[in-house]
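Try each task yourself before reading its solution.

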Amino acid sequence: MKLIKKICLLGLMLFTVSGTAFAEVSEESAYIFNTFSFLVHGFLVMLMALGFTCLEAGLVRTKNTATICLKNVGLYSLAGIMFYLVGYGFMYNEVNGFIGQPTLWNPEAEVSSADGYSKMSDWFFQMVFCATTMSIISGTVAERIKLLPFFIFAIVLTGFIYPIQASWVWGGGFLSEMGFSDFAGSTLVHSVGGWAALTGAIIIGPRLGKYASNGSVIAIPGSNLPLATIGTFILWFGWFGFNGGSQLALGSAADAAAMANVYVNTNMAAAGGLVAAMILASILYGKADLSLALNGALAGLVSITAGPDVATPLQAIIIGAVGGVLCTLAIPLLDKLKIDDVVGAISVHLVAGIWGTLVVGIPGLGTLAADFMTQLIGVVTIGVFVVVASSIVWLILKGVLGLRPTEEEEMSGLDVSELGMEAYPEFRN
Amino acid sequence: MKLIKKICLLGLMLFTVSGTAFAEVSEESAYIFNTFSFLVHGFLVMLMALGFTCLEAGLVRTKNTATICLKNVGLYSLAGIMFYLVGYGFMYNEVNGFIGQPTLWNPEAEVSSADGYSKMSDWFFQMVFCATTMSIISGTVAERIKLLPFFIFAIVLTGFIYPIQASWVWGGGFLSEMGFSDFAGSTLVHSVGGWAALTGAIIIGPRLGKYASNGSVIAIPGSNLPLATIGTFILWFGWFGFNGGSQLALGSAADAAAMANVYVNTNMAAAGGLVAAMILASILYGKADLSLALNGALAGLVSITAGPDVATPLQAIIIGAVGGVLCTLAIPLLDKLKIDDVVGAISVHLVAGIWGTLVVGIPGLGTLAADFMTQLIGVVTIGVFVVVASSIVWLILKGVLGLRPTEEEEMSGLDVSELGMEAYPEFRN
Amino acid sequence: MKLIKKICLLGLMLFTVSGTAFAEVSEESAYIFNTFSFLVHGFLVMLMALGFTCLEAGLVRTKNTATICLKNVGLYSLAGIMFYLVGYGFMYNEVNGFIGQPTLWNPEAEVSSADGYSKMSDWFFQMVFCATTMSIISGTVAERIKLLPFFIFAIVLTGFIYPIQASWVWGGGFLSEMGFSDFAGSTLVHSVGGWAALTGAIIIGPRLGKYASNGSVIAIPGSNLPLATIGTFILWFGWFGFNGGSQLALGSAADAAAMANVYVNTNMAAAGGLVAAMILASILYGKADLSLALNGALAGLVSITAGPDVATPLQAIIIGAVGGVLCTLAIPLLDKLKIDDVVGAISVHLVAGIWGTLVVGIPGLGTLAADFMTQLIGVVTIGVFVVVASSIVWLILKGVLGLRPTEEEEMSGLDVSELGMEAYPEFRN
């Protein structure tokens with residue numbers, strides 16, 4: 001009897017270390033767990049498309065609200081189609097280090113539990129990430145870009161730019177081989193969206209009336225702050241899917257425990273970001289500021305996204321808080337540079353995305369920190385690629401189609417010029 | 001050793017084909033997977049009640065907004081109670097081919113894993129489908145029907161009309177025996193809601209001022225388009241539950257894989273519907289149109305609902321796109337017929353519902369296409385039943401209670417006459 | 001063969017009774033199920049923070065809308081941080097009967113399937129309950145409390161008051177040992193929030209202009225009823241997590257079945273509450289009332305929260321309906337007492353919370369009713385503690401910082417005085 005007890009203890013220890021030594025979860029059960037995790041977390045990330053819609057619709061003026069709604073549902077739709085037609089192939093199909101092979105993606109119908117998960121479920125999860133990247137951009141360039149060039153940019157970004165650079169890490173390409181680590185996409189999703197938003201903001205130029213001829217910045221308040229708050233909460237909610245699902249497996253106790261860790265850190269980083277931004281804004285401006293607090297929470301979320309698996313909750317609070325501070329400082333800085341970012345997406349997604357990626361390389365963080373220089377190389381490499389690629393696309397669109405409506409159209413609002421309708425026709429404003 | 005390897009390979013092949021040949025998932029684990037799938041997908045479908053609320057509240061005028069909100073929360077509540085009191089029995093309890101036996105539904109407390117799933121979880125999932133059917137109707141007849149007759153209609157539809165026709169297919173009744181196939185309810189839910197909405201719209205008549213005496217159509221724009229956009233996104237989100245959960249099982253790898261397929265197709269059909277409607281509207285009217293794009297996405301979702309399990313993603317895009325086109329064409333057609341559908345629900349749910357049901361019968365679709373004539377018979381049979389039954393109920397309500405408020409009440413808005421309150425009391429309009 | 005069949009039957013019976021006699025779910029699979037249940041239900045409860053935000057933002061005036069949004073995102077953030085720093089320790093760490101030991105909470109990294117679930121996942125689930133308690137309070141004291149004292153109160157409540165009393169029941173303290181039963185927190189969450197809201201409302205005093213000098217009550221209508229409706233639906237949605245997740249396990253068929261029962265009862269109680277409140281309001285005031293109907297649904301949800309596991313669906317409808325009636329009657333009663341509760345949270349959460357806790361002690365309810373006197377003792381003990389503790393905190397804050405803005409600030413709205421911004425700057429009101 002003693003021997004049996006010893007064996008059991010040994011087994012437990014093995015299990016404790018490896019998480020799967022006992023192989024207590026059958027292959028088929030693991031397949032179901034893994035697949036269902038992709039689906040559940042995928043639908044959470046899908047809802048982030050609504051989160052961005054609400055955030056952006058709340059932060060633009062009423063005269064551009066219907067247009068920003070259409071841009072957001074439209075880009076989400078186009079992202080799905082493009083990621084199906086070519087994106088998934090560029091990202092995952094026989095990646096040669098720098099790019100995969102586009103094929104009309106159609107997984108074989110056979111189901112084998114030995115695969116570990118349904119490829120369709122993984123596709124769904126990856127597709128919503130691709131769409132999220134484009135959602136980031138729409139907020140920055142809102143209120144002054146026409147529908148058609150915007151949608152063409154969305155087609156190029158979701159079909160080509162996003163998947164090609166993502167193949168370098170998640171597709172097993174050269175950055176992955178170098179050891180670059182980005183758990184859920186501080187760089188691959190958020191700073192990519194941020195870089196493309198930055199080039200767009202510069203090439204398109206600021207909104208009419210944003211910067212006075214004497215150089216001063218004119219505040220253009222968002223028209224519906226409860227809507228922006230709803231958007232932030234929905235993004236926070238969806239981020240449990242974004243980061244939690246990026247564990248990519250739920251078929252063992254170790255995976256489940258890691259996922260729980262990711263959930264807690266995700267929440268704590270957002271909380272830290274919001275509180276830090278709220279306090280800093282109170283100090284800087286004498287009053288708390290709702291928009292800055294919301295962006296602080298989002299910056300906290302972006303900051304933790306590269307390493308929610310390796311941080312402790314306390315580290316997550318601090319990482320998020322620093323992200324919230326950086327975002328709060330970056331917003332007026334961009335205005336000084338006359339870079340007009342309607343919703344603050346560059347400060348949230350690019351600035352905090354870089355911070356979040358680099359922090360994973362700082363020694364002492366959690367237990368599995370990556371190498372700082374490798375992280376920096378990844379940030380810069382992807383940054384250069386996206387800046388160059390997106391600038392080319394924006395410039396071609398500017399030359400061929402024109403990016404902006406006429407001044408009269410912009411003054412009267414894109415809802416009239418692009419859609420011929422009003423977002424709130426009965427409300428006097 | 002070679003023999004063992006051969007046996008393993010054989011086993012893998014068997015599993016690959018049947019999905020469960022190995023029976024690797026224990027009965028009890030399968031019970032948990034199946035039950036949890038019903039609960040998770042059930043709560044997603046439950047949220048569709050909010051999706052319809054937002055969509056409808058965004059597309060009516062402010063003076064009828066509070067009333068449409070109350071109608072929606074009210075019908076969802078009544079649907080639960082009626083489906084409990086009699087509906088589930090009519091639909092599932094000893095169905096004799098044409099109708100089941102109503103009983104106060106109370107599953108026995110014993111839990112046996114041999115059942116395969118908790119009956120309570122299935123009840124929850126079925127209940128939210130019943131409620132969805134009624135949610136479809138409220139949008140069409142908005143702005144001109146009093147609360148009391150509306151709620152009485154909801155009681156009859158959710159307790160009797162919906163469950164009786166649903167018993168013909170999902171309860172194992174005569175249409176099921178004929179081979180009629182409707183995976184998640186293009187016909188059983190969506191066209192049923194659409195038919196009842198159509199009879200309601202005709203019997204109640206159009207809103208005052210919708211059709212001028214010279215025959216022209218007066219556009220009555222929705223008062224809050226961001227709200228309509230939110231509603232569409234929430235419906236899209238909930239549809240993963242609607243279609244995904246209709247796999248009705250998650251206890252095997254084959255089920256999980258099929259469910260993932262359903263998720264992807266659901267998303268692609270919506271994307272196809274939105275893009276097609278957006279392009280068509282741009283061609284027809286010279287400008288993109290947010291409302292038509294949103295309805296296009298919903299029509300795409302309805303279109304794929306009868307066969308998200310059998311289509312490939314490419315087929316799903318096409319099926320959804322055709323649905324979006326049909327819906328975009330049907331909306332002005334109904335106006336020509338002076339049928340006043342406030343939110344476009346007839347075009348979305350009835351037209352695309354018929355299309356989606358028939359397309360499953362077109363040879364060459366996917367791998368498991370049904371027979372076209374059987375599909376047609378199902379569509380027509382259920383259509384005739386719902387048209388007759390709902391017309392009788394609408395007409396009785398019209399005769400006994402009256403359906404419409406007075407002209408003065410309708411002009412000043414139902415919020416004042418029915419509730420004595422305003423939806424947005426501080427906003428000048 | 002007959003013997004085998006008999007053994008099988010016997011086994012099935014054993015399983016039927018105990019739910020786990022067969023131990024068909026492996027320890028590791030049970031660990032995953034339990035952990036994933038905490039995560040999924042936890043993210044649902046997290047969304048309740050958005051539900052409260054929408055409800056409250058819809059029921060305040062536009063001039064206080066941005067402030068209530070910031071209060072809600074802020075309190076949710078602070079709750080997470082405080083529950084991490086000290087709250088979880090007070091609630092669960094070596095509870096000596098009356099209080100636990102605060103420690104910076106950091107679960108060991110090892111994962112052992114023998115634990116049954118990830119402690120991180122449990123922490124996440126418990127944290128969102130703590131935050132919910134504070135969300136209840138913000139609505140009652142809205143429109144007249146400054147940000148800083150509000151946030152300090154949130155810090156004290158989520159770090160100390162909530163966890164200490166919760167340790168008495170869920171931490172295994174003295175009330176738990178007495179047999180007090182509160183499945184998901186009719187008392188521990190809802191009446192605790194209600195008591196603290198009540199003391200706050202009394203100590204802070206009513207809004208300017210709420211009660212005329214002649215004693216009459218001035219109605220101050222909510223500014224955005226669709227937003228309040230959205231909030232109610234999201235709370236209803238989140239409540240499936242709140243009650244369903246409180247089963248605390250999904251690792252056996254018996255747990256899954258119990259959870260399904262909880263979902264159905266939760267839904268039915270809300271439906272009963274809404275319908276009862278709608279009918280009662282129609283009788284009392286001659287018209288249906290959207291706000292009262294929404295609060296009726298919420299009161300139904302609170303009412304079932306102490307015993308969703310023991311009720312039948314019919315009992316759940318009745319329990320919820322009584323809750324809806326009590327809430328509808330309590331709202332004008334509080335106004336008579338000149339207790340100004342902006343959103344009706346005291347009537348919803350305190351009144352229905354007491355009712356829901358006591359009803360579990362009524363003989364004949366379901367199968368596992370608790371002792372009525374024990375339930376009453378629990379309600380009173382926790383009530384006295386929270387009233388005393390929260391009054392002390394409110395009074396200290398009043399003395400040291402002041403709770404209210406100046407009269408001029410209150411008249412012009414907190415959005416201007418506290419934030420320097422407007423929620424809807426373009427809408428004339």
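This model is predicted.

**Exercise 1.** Find out how helix 7 of chain B and helix 13 of chain B pass each other, and which residues meet there.

*Solution.* Start with the handedness: helix 7 of chain B passes helix 13 of chain B in a right-handed crossing. Next, look at the axes of helix 7 (residues 186-204) and helix 13 (residues 372-400) of chain B, which come within 8 Å and cross at roughly 40 degrees. An angle under 35 degrees would count as roughly parallel; the two helices of chain B are therefore oblique to each other. Now pick out the residues that touch: helix 7 of chain B brings, among others, Trp195(B) and Ile203(B), and helix 13 of chain B brings residues including Trp394(B) and Lys398(B). Sorted by class, the residues of this contact are 10 nonpolar, eight polar and one charged.

**Exercise 2.** Describe the contact between chain A and chain B.

*Solution.* Count each side to begin with: 55 residues come from chain B and 54 residues from chain A. Several helices of chain B each supply at least two residues to its side, including helix 1 (2-18) and helix 11 (313-336). Helix 9 of chain B gives the most, with 15 residues. By class, the side of chain B has 36 nonpolar, 14 polar and five charged residues.

**Exercise 3.** Work out what kind of axis relates chain B to chain A.

*Solution.* Finally, compare the surfaces: the copies use different ones, as 7% of the contact residues of chain B recur in chain A.

Methods: Residues are numbered from 1 along each chain as its sequence is written. Chains are lettered from A and ligands numbered from 1 in the order in which they are written. This is a predicted model: local features need pLDDT of at least 70, side-chain atom pairs count only at pLDDT 80 or more; totals for chains, interfaces and linings use all residues. Two residues are in contact if their C-beta atoms, placed from the backbone, lie within 7 Å. Helices (H or I, at least four residues) and strands (E, at least two) are DSSP runs, numbered from the N terminus. Ala, Val, Leu, Ile, Met, Phe, Trp, Tyr, Cys and Pro count as nonpolar, Asp, Glu, Lys and Arg as charged, and the others, Gly among them, as polar. Copies are superposed by least squares on the C-alpha atoms of residues with pLDDT of at least 70 in both. Axes are lines fitted to C-alpha atoms, for helices over the stretch in contact, and angles run from 0 to 180 degrees between N-to-C directions. Angles under 35 degrees count as roughly parallel, over 145 as roughly antiparallel, 65 to 115 as roughly perpendicular and the rest as oblique. A crossing is left-handed if the near helix is turned anticlockwise from the far one by less than a right angle, and right-handed if clockwise.
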